[in-house]
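The following note sets out a series of numbered points for a reader who is new to protein structure. Please keep the sequence and the model in view while reading.

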Amino acid sequence: MELTVAITGASGTIYAHRTLQLLAESGVVETINLIMSGSAVTVAQVEMGINLKDAAVHEINDWLDLDPESRLIRLWRLDNLAAKPSSGSNKQDGMIIVPCSMGTLGAIASGAGTNLIHRAADVCLKERRKLVIVPRESPYNSIHLENMLRLSNAGAIILPASPGFYHRPDTIGELVDHLCFRILDQFDIPHSRRSQWTGDEVT
Ligand SMILES: Cc1cc2nc3c(=O)[nH]c(=O)nc-3n(C[C@H](O)[C@H](O)[C@H](O)COP(=O)(O)O)c2cc1C
């Protein structure tokens, strides 16, 4: 599989970090086109203490605990509108925006995007490929909600960063995994399924 993963400047860099790790562990993803907004870099610094500004692939691999020589991640600059994910003729399997800021959400919903994240998402919608958007804001105003409805009507999956608690997480890691598993499920990508509801939990 080939996927595009975009990280934007909403809170929740940890969701992006873990999603990328799970995609790498899955064994079914060969290429990840990774795009980060400038604000994503700021939030990553605030929330995870990591400086990803102008990071090279080996630094991203290091952040994700991947082999330094791993060729899984392909990094694309935000202003590179000639990059691979910007063309519908690049036959990829879809895109995940995790976490997705209200700014990026609005730009895609308007159809008037200005950067590679907006363009790659627009391409997914027009080519009818899977676009999973993980919005994060609280509370939402009606503009945010209308933008989400607009994108859902255009074919995007709105998968909010709202982890469940019914699997009784003991750690933040388990809470984060629960949400990231739901993202992988959208693409039928295998994971441990530790937090999958079986129906046997309530007697
Ligand atoms: C620490 C921090 C946390 C933020 N959290 C959110 C958030 O949860 N949701 C959101 O929509 N914007 C949030 N923002 C604001 C966005 O980063 C800002 O609107 C930015 O312009 C989004 O740009 P981007 O969509 O290109 O990443 C946050 C900013 C900072 C610095």
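1. Does Asn147 count as buried or exposed? The model examined here is predicted. Asn147 lies in helix 6, which covers residues 142-153. A residue is called buried if 20 or more other C-beta atoms lie within 10 Å of its own. Asn147 has 22 C-beta neighbours inside 10 Å, and therefore counts as buried. When residues up to four places away in sequence are not counted, Asn147 touches Leu105, Gly106 and Ala109. By contrast, the C-alpha atoms of Asn147 and Ala83 are separated by 26 Å, these residues being 64 apart along the chain.

2. Helix 4 may be considered next. Its buried residues are Met102, Thr104, Leu105, Ala107, Ile108 and Ala109. They pack against strand 4 (94-100), helix 5, strand 5 (130-135) and helix 6. Just after helix 4, Gly111 takes a positive phi of about 75°.

3. Six strands form an open sheet in the order 3-2-1-4-5-6, and their pairing is parallel. Strand 3 and strand 6 (157-158) are the edge strands, each of which pairs on one side only.

4. How many bridges join strand 1 to strand 2? Strand 1 (residues 2-7) runs parallel to strand 2, and six bridges join the two. Between these strands the chain passes through helix 1 (residues 13-26), and this β-α-β crossover is right-handed. Thr4 stands opposite Asn33 in strand 2, and Asn33 in turn stands opposite Arg74 in strand 3. Strand 3 (residues 73-76) also runs parallel to strand 2, to which four bridges join it. Ile32 has Ile73 of strand 3 as its bridge partner.

5. Why is strand 2 described as largely enclosed by the rest of the structure? Strand 2 spans residues 31-36, and five of its six residues are buried, so the description applies.

6. Leaving aside neighbours within four places in sequence, Ile158 is in contact with Ile133, Pro135, Met148, Leu151 and Ser152. For one of these, Ile133, the C-alpha atom is separated from that of Ile158 by 5.1 Å, although the two residues are 25 apart along the chain.

7. Which residues of the largest nonpolar core touch the most other members? This core has 52 residues, and those in question are Met95, Ile97, Val98, Ala120, Ile133 and Val134. Helix 5 (residues 116-126) supplies the largest share of the core, namely six residues. Met95 illustrates how separate parts of the chain meet: apart from neighbours within four places in sequence, Met95 is in contact with Leu3, Thr4, Ala6, Ala120, Ala121, Cys124 and Leu131.

8. The ligand is surrounded by 16 residues, of which the closest are Thr8, Gly9, Ala10, Ser37 and Ser39. Sorted by class, this shell has nine polar, five nonpolar and two charged residues. Helix 2 (38-48) and helix 4 (102-110) each supply at least two residues of the shell. Helix 2 gives the most, with five residues.

9. Most residues other than glycine have a negative phi, and most peptide bonds are trans. The peptide bond from Val98 to Pro99 is cis, with omega near -15°, and Pro99 is found in strand 4. A cis peptide bond also leads from Ser138 to Pro139, with omega near -5°. Pro139 lies in the loop between strand 5 and helix 6.

10. Arg128 has a positive phi of about 60°, and its place is in the loop between helix 5 and strand 5. With 9 other C-beta atoms within 10 Å, Arg128 is exposed. Asp188 has a positive phi of about 55° and is found in the segment after helix 7 (172-185). Asp188 counts as exposed because 8 C-beta neighbours lie inside 10 Å.

Technical notes:
Residues are numbered from 1 along each chain as its sequence is written. This is a predicted model: local features need pLDDT of at least 70, side-chain atom pairs count only at pLDDT 80 or more; totals for chains, interfaces and linings use all residues. A nonpolar core is a set of buried Ala, Val, Leu, Ile, Met, Phe, Trp, Tyr and Cys residues joined through C-beta atoms within 7 Å. A residue is buried if 20 or more other C-beta atoms lie within 10 Å of its own, exposed if 12 or fewer, and partly exposed in between; C-beta atoms are placed from the backbone. Two residues are in contact if their C-beta atoms, placed from the backbone, lie within 7 Å. Two strands pair if DSSP finds at least two bridges between them. A crossover is right-handed if, with the strands pointing away from the viewer, the path from the first strand over the helix to the second runs clockwise. A residue is near a molecule or strand if its C-beta atom, placed from the backbone, lies within 6 Å of it. Ala, Val, Leu, Ile, Met, Phe, Trp, Tyr, Cys and Pro count as nonpolar, Asp, Glu, Lys and Arg as charged, and the others, Gly among them, as polar.
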